[in-house]
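Let's take a friendly walk through a protein structure, one piece at a time. Have the sequence and the 3D view ready as you read.

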Amino acid sequence: MTEFDPARRKLLQTTAVAASSAVLATGTVAEAEAAAPARSSAPGQVATVNVTLRVNGAEHQMVIDPRTTLLDVLRERLQLTGSKKGCDQGQCGACTVLVDGRRFTSCLTLAVMQEGHEITTIEGLGTPMHLHPLQAAFVKHDGYQCGFCTPGQICSAVAMLDEIRAGTPSHVTADLTRAPPMTPVEFRERMSGNICRCGAYMNIQAAIAEVAGVKP
Ligand code: FES
Ligand code: FES
């Protein structure tokens with residue numbers, strides 16, 4: 001008769017527990033798979049979702065990869081190429097659009113997250129015959145050179161002026177007990193997320209100041 005070996009008995013117990021756990025785990029996965037919603041693509045392919053976006057007052061239904069950014073949907077699916085892809089990582093502001101009136105870097109938000117919101121791009125701000133006041137001011141003050149940053153600058157400026165009017169302070173607002181002033185210092189700080197590689201900042205500032213009704 002074999003001598004009792006506590007170590008061997010412990011090993012057998014551990015193995016039995018592990019085996020039963022594996023059975024339980026297998027059952028859990030099978031149940032989870034049965035409960036999962038139907039895939040919108042075959043196994044191994046990228047799943048897609050239906051999304052309806054409201055852009056510049058019009059609704060657009062489409063089927064997209066849920067990882068698609070709003071910027072890519074605007075440019076590649078809706079052919080609204082005014083919004084530019086400068087850095088694609090939230091650093092340049094060239095892709096700025098308005099979502100419910102607030103400025104968004106569209107390269108940093110997924111399109112599916114903006115379902116149910118009102119999206120406005122540079123194409124929706126004005127028309128060639130009826131420019132938005134900021135578009136007209138940029139033309140008048142030559143607020144661009146190559147124009148790559150311009151759509152983002154204008155969309156950002158539209159929301160920026162609304163932010164000041166709404167009393168939202170910035171990092172340079174000295175007196176937090178009063179409405180922030182319409183000053184070039186405030187404009188520069190608030191527009192600092194929009195980079196202009198051509199350096200047209202002085203003219204951009206002049207355009208914004210004119211629309212705000214203050215001296216540049
Ligand atoms: S492209 Fe979105 S911030 Fe630069
Ligand atoms: S006008 Fe060229 S990047 Fe601003």
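Predicted model: local features only at pLDDT ≥ 70, side-chain atom pairs only at ≥ 80, totals over all residues.

Strand E1 covers residues 49–55 and runs antiparallel to E2, with 7 bridges joining the pair. One of the paired positions is Val 55, whose bridge partner in E2 is Ala 58.

## A closer look at His 60

Now move along to His 60, which sits in strand E2, residues 58–64.

Leaving aside residues up to four places away in sequence, His 60 touches Val 51, Thr 52, Leu 53, Val 55 and Leu 78. Arg 77 is 17 residues from His 60 along the chain, and their C-alpha atoms are 9.7 Å apart.

In soluble globular proteins, nonpolar side chains tend to be buried together. Here the largest nonpolar core has 24 residues, and Leu 125, Phe 138 and Ile 208 are among those with the most contacts inside it. Helices H3, H4, H5 and H7 each give two or more residues to this core, and H5 gives the most, with 8 residues.

Another core, of 14 residues, lies apart from that one and includes Met 62, Leu 74, Val 99 and Ala 111.

Terms used: Residues numbered from 1 in each chain as written. Chains lettered and ligands numbered in written order. Heavy atoms only, no water. Helix = DSSP H or I, 4+ residues; strand = E, 2+ residues; numbered from the N terminus. Contact = heavy atoms within 4.5 Å. Pairing = 2+ DSSP bridges. Core = buried A, V, L, I, M, F, W, Y, C linked by side-chain atoms within 4.5 Å. Buried < 20%, exposed > 50% of the residue type's maximum accessible area, 1.4 Å probe, protein only.
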